[in-house]
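Let's take a walk through a protein model together.

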There are 2 protein chains.
Amino acid sequence: MSNNVTCALLLLSLFLSVSPVASSAQSLADRLGYPAGTKLVIIHADDLGETHAVNAAAIKSLEAGAINSASLMVPCPWFPEIADYAKSHPAADFGLHLTVTSERVYYRWGPVAAADKIRSLLDENGYFHHDWDQNPRIKPEEVEIELRAQIERALAMGVRPTHLDSHQYRLIMYGKDLFEALLRVAHAYKLPVFVTRDWFADHPYLQESLRPDDLVLDHTVTIGPEVPPEKWTEFYISALKNLKPGVTEFVIHPGFDDEELRAATRERSTWGSAWRQRDFDFFTSNQFREILVQQNVKLITWRELAMAARK
Amino acid sequence: MSNNVTCALLLLSLFLSVSPVASSAQSLADRLGYPAGTKLVIIHADDLGETHAVNAAAIKSLEAGAINSASLMVPCPWFPEIADYAKSHPAADFGLHLTVTSERVYYRWGPVAAADKIRSLLDENGYFHHDWDQNPRIKPEEVEIELRAQIERALAMGVRPTHLDSHQYRLIMYGKDLFEALLRVAHAYKLPVFVTRDWFADHPYLQESLRPDDLVLDHTVTIGPEVPPEKWTEFYISALKNLKPGVTEFVIHPGFDDEELRAATRERSTWGSAWRQRDFDFFTSNQFREILVQQNVKLITWRELAMAARK
């Protein structure tokens, strides 16, 4: 065997042993020191900063132990409230919920970067696009400018993010170019990105674009519009009883069904104020606490995962 | 007498007879056809668009006849809600509350214009300055860019403003250069600006900068932090009983003392949620309706004033 081949095999073996992308679903759990088959869960709240009702519900959820991680929308008007909380609670597991859409009708926001640098992200009134159903030509280089501006504002305001994720999965599910823009920014700031193996089949570019040292979760659970309100508890209980081994992120949306959130979300019921109140109610219930114990679920945070990945 | 002198005198006489700036306190009322001594009042709500609680209270006040005019903050996240209302209620008397500060702590907003075109208006995080107490060098040419962007967004979103005024009086009370930037924009869009004769003594540049054809109100009444909550009704009743002849604008701040507005304004009580609830309560009371009748007050709108001024 030539030296070159030996060297290549050594590198390959090194790659396989340290790569969360290439290794088995258990690798993260293994590296954290948990026995095979352990079910690790992040209970993660999205959309902090979007409204006060979401901030207030997230803080209450966090302090009640109902969630153990969350991510913040920097362009939104209530970001200063949650940034202030994050600054005074540096142990809390807060990421940035990178945002390039403004999906509501009566309550809207625009970019952090200068508008003339990121025109492809904006509608004719200067807000982020309400949706991309008209196929606006979103320029990845402009996405990158905006994401960097969001991270820089968060850092300047005292937030020390543990991870990055993408509002409405816009930077994950909408093509390789946007995902790679997100990855470039994540690598530049040395932050893990919320990606799961579950998505690789439908979006093969995810696996292709990830680097060997990128952290990848195993599974995710999130409730969708197909679940009627009266089946909410049943859905979550079933998901918790049927957890697979490895690391699963529950993406939830706690909020209070009050005047502000009702008005902000009134054009449709999906991810609306009653929806968010149901999430808050289930995850702050005793039933949820009990099932975690029954199912021997271990909670884990993005901070712990990132530390494990660095080892 | 030479032709030139005759011509100059003719022009001067014409100037004096049509000039709201130069003519007596009664001129506006006169031109509206009211007898001498008539007390004309605009009941004007500020800050629409800032929060949902303010929008909801303003719409309720308007529909109850408690206010007859209001102005909208274009850069704020709830502007789309009130713009939608304005578009579907084109007879309502809505102006634009031009905004170049973001005076709250936990809830903030930034510019409509591209940030890199108006840097002097922004703090280190990209919001409008919280205050100007650190004497930032506000560039009048940048103010003009931002004001035009606010008006253009409002027009694009279907608002047909009847007048302009200035959030926190920043473009009125902070020097000739900013006032002239406001006037240039007002003249370009042919919109009247809220200015009263009462302010001329303290700010002589106002009178110097105004054009002969600019509309000028006579008086304004607004409640201040020196009035304790228990004297709220007494203050307004006294103001209404002691109205002077001419046109007086009451600048009020109706809002609902709910979760959203309490959180948005919690760092100080001035112009806070309880303050705004007190304004809402007084102006929607029977007591207010009765005193208007007792004092023989005539209500008037900016639309009517502008029409009279054009005659």
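This is a predicted model: local features need pLDDT of at least 70, side-chain atom pairs count only at pLDDT 80 or more; totals for chains, interfaces and linings use all residues.

On a 1 Å grid over the protein atoms alone, a pocket is an open set of points where a 1.4 Å probe fits, with protein on both sides within 12 Å along at least five of seven lines, and its lining residues have an atom within 4 Å of a point. Grid points are joined across faces, edges and corners, and the volume is the space filled by probe spheres set on the points.

Residues are numbered from 1 along each chain as its sequence is written, chains are lettered from A in the order in which they are written, and side-chain values use heavy atoms, leaving out hydrogens and water.

Back to the second largest pocket: helix 13 of chain A gives the largest share of its lining, five residues. Helices here are DSSP runs (H or I, at least four residues), numbered from the N terminus.

Now find the largest pocket, with a volume of about 600 Å³. It is lined by 37 residues, and the closest to its centre are Pro111(A), Gly126(A), Pro111(B), Val112(B) and Arg153(B). Helix 5 (residues 140-156) of chain B gives the most to this lining, with four residues.

How many residues of chain A are in contact with chain B? There are 28, and they touch 28 residues of chain B, where contact means heavy atoms within 4.5 Å. The area buried between the two chains is about 2,300 Å², of which carbon and sulfur atoms give 55%; buried area is the accessible area (1.4 Å probe) that two parts lose on being put together, summed over both. Trp78(A), Tyr106(A) and Tyr127(A) supply 23% of the area that chain A buries against chain B, more than any other three residues.

Charged side chains meet here too: four salt bridges are counted between chain A and chain B, each a side-chain nitrogen of Lys or Arg within 4 Å of a carboxyl oxygen of Asp or Glu. One salt bridge to look for joins Arg266(A) and Glu81(B), at 2.8 Å from N to O.

Definitions and conventions: Helices (H or I, at least four residues) and strands (E, at least two) are DSSP runs, numbered from the N terminus.
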